[in-house]
Each structure stands twice: as C-alpha cells, then as structure tokens.
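Please read the following briefing alongside the sequence and the coordinates. It moves from the overall chain to selected sheets and then to individual residues.

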Amino acid sequence: MAESLSLAQARRVALAAQGFADPAPTGVPTRRHLRRVLDRVGLIQMDSVNVLQRAHYLPLYSRLGPYPTALLDTAAYRRPRELFEYWAHEASLVPVGLHPMLRWRMAKARDEAWGGMRQIAEEQPGLLAWVRDEVAARGPLTAAEIEHDAPRETGNWGWNWSVVKRALEFMFWAGEVAAADRTNSFARRYDLPERVLPPAVLDAPTPTDAEAYRTLVSIAARSLGVAAEPELRDYFRLPVAGARQAVAELVEAGELTPVTVQGWRHPAYLHADARMPRWVRGNTLVSPFDPLVWERARTERLFGFTYRIEIYVPAPKRLYGYYVLPFRQGERFTARVDLKADRKAGVLLVPAAWVEPGADPGETAVALAAELYRLAGWLGLDAVAPPAAGDLAAPLAAALVGVAGVR
C-alpha cells in the first residue's frame, strides 16, 4: 500500500480489518464463523444495559447476521473455553490465549483497581481471605450468594453486599478469581481460575510487560487496520509510555508502517496484514459498544459521523435518544436509530430515527426498514413499531409498512 491514504481508502481498510468485508455465512453461523469474527475484532466489550440486547451479542450480529447466541455463550462459559471475562478495553470477553498478556494488569491491581476495591484490599485483608475461602469451598457463586451466608458478628468489617462485591471485584481484577458464567440476571458467578481456565493457559509463561504491550498493540493494529497511536493504546487501555514503545518496536520490525491519512492531524499506522478491498457492501446496525466505533474521535475522522452514547444524559438533553445504534450502508453511516425491545409485546420499538447529512432519506429508510425487521426476527420479536420521532420517522414508517407487506 501507499504511504498515504485517502479517506475513502482508510475507511475500506478499517471496515475490512473489522470483518465487514468478509463474506456472509451461508446457513446458520458456526463456531468457525465465530472464530473468524474474534480474529478480526480481538475482544468483545460487555455491558449490563439490556434495553435492546446485551452488548456482547451485537458485534457478532453486525458481522454474521442472525446467529444463535448460544454460540457465544458456549465459547465463553463452557469447556473447552475459548473466551474469558476480564478488564481489557472495558469489561470484555477475551480469547483465553491472551490471559498471559493481561497478567501485568492483574499484578497492578493494588495500584490501579478502582478506589473502593483497593480500599477493601488494603483495609480488610481478613474479608478477602474469607471470601476467597468461600469461593474455593463452594464456587461458582454470585456475590449475593456469598453475602447471604456471611457471618453477622463481624466486628469492624461492616459486612454487606457491596463490600463482598468489591472484594470479589478486586480479586477478579487481580486474577485470583474468574467469571465461571453469568446468571439470567447477568450477575457474575465467581470461581477459582483453575476451575475456569484451561490448564495450558494458566501454565503458560508470563511475558514481560514490554512483550505483553507489544502483543496487545499488534492485535489492536490488526483489528483497526489503520489507526493513530492513541487508538492503538485505547484498544486494550494500555499505559501511554508502554504503548508508544510498543508502536516504535512494531514499526522497526516492519509490522506497522507510518502513513498519512487525508484530513488526519495525527500520524497513522497501517498494519502489515491490512487489506484494502475495492468496496465494502452490506447494511447493518452497529452497537454503541462495537470496536468499530469505540474511539469516537476516530469514528468522526473516518466517517464524518459524530457519535456519543446518551444513556447517562438526562432525557430532556438527549439529541438522539437513549440507546442509539448507527446504521451502516456500505462504507458510510447513513442514519442512527434509537431502539428498544418490548419483549412482552413482541415488538421492536423505534423511539426515534435520524438521517445523516448527505444521505438520501428514501433509500436509507428502505434499507433501514429491512434491517430492523431482520434484527427483530433475531431478537424473537414479531413486529417493528413506526418511529415516534426524528427527521427519518416519516419515510421509515412508510418503508416499514412496505417491508411488513412482503414478509
């Protein structure tokens, strides 16, 4: 590839790196398709919000289309496990082979874990020991199950659910317990790592911090295709100095090539395995927690798409809605749509739909209507409600009637 990329070329590189140029599965997606997506994205972010669908299921849907979510559940929570939960980007599902590459973070738990966790570790070592013994004796257990059996005469420990949960989360950060699975309410069930992770993973040697940073930056670069240094660092939330050194070493090794991208102020780096397809086709909704749009500044530079999640914005101040998904048509985002699954009524609700500047509202509405019905079918919902608000509401409502009429 050239040492400079146009914006259109950079978009195609980025989309291909994330798996959006891969052929769609024929038939029901299998473990092979799952592995292909994991190889593209490197990790999958988790989040507890369930207004539409759990966040970790959506990146696979965006790349594979409707797939059985049990495919991901089995890979993450059944033997032989291919994924484990840990703090990678945020709370994430990560390939088990990366466990050694994240031990530097586990080793720094007493310095880098959130304040409440560190306080428990520093001030209440007896609590940690008791909780660890409970997990060892009776795991896998949720925090609530441990708290329920906690002794009530505890002196100054002040036992309550939040304290037990913080103790467990500190040990989870430190790698002393692992997530065995999740309950129906999405609560973690904790167990000892040796009862969760494959022995070969636990027995693998621990790399130096520099080796781990280099491996993680390499994965980030391959998954992004082309990116600036802050985005390579952000993918696994690496320390600044360590990530910069890793980038320099990967450039020297020829795995990364410095390039300029049209309109980018920051220097960019192109991964040696990056592909530049002639075009990227297909339409799909993208989760707010999808790695394609994690780094909002890169999303804006690449696609001219300004995107912020507004879950924590007071309702009167939201611009677009509570849980808004970008809609990708080919190589650009043409709309954004606020969605909610009304599971009791069996309806996909559309509180708002908005068209992006320069996109044709009619064409966009027709493509988005088809995608909304595809998403609804995957979620087990029977219908899609007309949009309640937004400048794409009227054309989308008409398009939804047309799609419903031919189903």
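Two strands are said to pair if DSSP finds at least two bridges between them, where strands (E, at least two residues) and helices (H or I, at least four residues) are DSSP runs numbered from the N terminus. This is a predicted model, in which local features need pLDDT of at least 70 and side-chain atom pairs count only at pLDDT 80 or more, while totals for chains, interfaces and linings use all residues. Residues are numbered from 1 along each chain as its sequence is written, and side-chain values use heavy atoms, with hydrogens and water left out.

**Overall chain**

- The secondary structure of the protein chain comes to 17 helices and 14 strands. Its radius of gyration is 23 Å, close to the 22 Å that the globule rule gives for 407 residues, so the chain is as compact as a globular protein of that length; the radius is taken over C-alpha atoms, and the rule is 2.2 Å times the number of residues to the power 0.38.
- Along the principal axes, the C-alpha atoms fill a box of roughly 65 × 55 × 45 Å.
- Of the 407 residues, 55% count as buried, a class that means under 20% relative accessible area, with exposed over 50% and partly exposed in between (1.4 Å probe, protein chains only).
- Among contacts (heavy atoms within 4.5 Å) between residues at least 6 apart in sequence, 65% join residues at least 24 apart.

**Strands 1, 8 and 9**

- Strand 8 (residues 256-261) pairs with strand 1 (residues 4-5) in the parallel sense over two bridges, and within this pairing serine 4 has threonine 260 as its bridge partner.
- Strand 8 also pairs with strand 9 (residues 268-271), here in the antiparallel sense and over four bridges, with tyrosine 269 as the bridge partner of proline 258.
- Strand 8 and strand 9 form a hairpin with six residues between them, and glycine 263 in the turn has a positive phi of about 85 degrees.

**The sheet of strands 2, 4 and 3**

- Three strands form an open, antiparallel sheet in the order 2-4-3. Strand 2 (44-45) and strand 3 (83-87) stand at the edges, each with a single partner strand, so one side of each is left without a neighbour in the sheet.
- Strand 2 is joined to strand 4 (residues 91-95) by two bridges, and glutamine 45 has serine 92 as its bridge partner in strand 4.
- Helix 4 (residues 70-77) lies across strand 2, strand 3 and strand 4, running at about 75 degrees to strand 3; axes are lines fitted to C-alpha atoms, for helices over the stretch in contact, and angles run from 0 to 180 degrees between N-to-C directions.

**Individual residues**

- Aspartate 191, in strand 6 (residues 188-191), is buried, with a relative accessible area of 5%. Leaving aside neighbours within four places in sequence, its contacts include Val135, Pro140, Val177 and Val196.
- Glutamate 194 lies in the loop between strand 6 and helix 11 (199-203) and is exposed, with a relative accessible area of 52%. The C-alpha atoms of glutamate 194 and alanine 178, 16 residues apart along the chain, are separated by 8.8 Å.
- Threonine 284, found in strand 10 (residues 283-285), is buried, with a relative accessible area of 1%. Not counting residues up to four places away in sequence, threonine 284 touches several residues, among them Phe20, Tyr61, Glu371 and Arg374.
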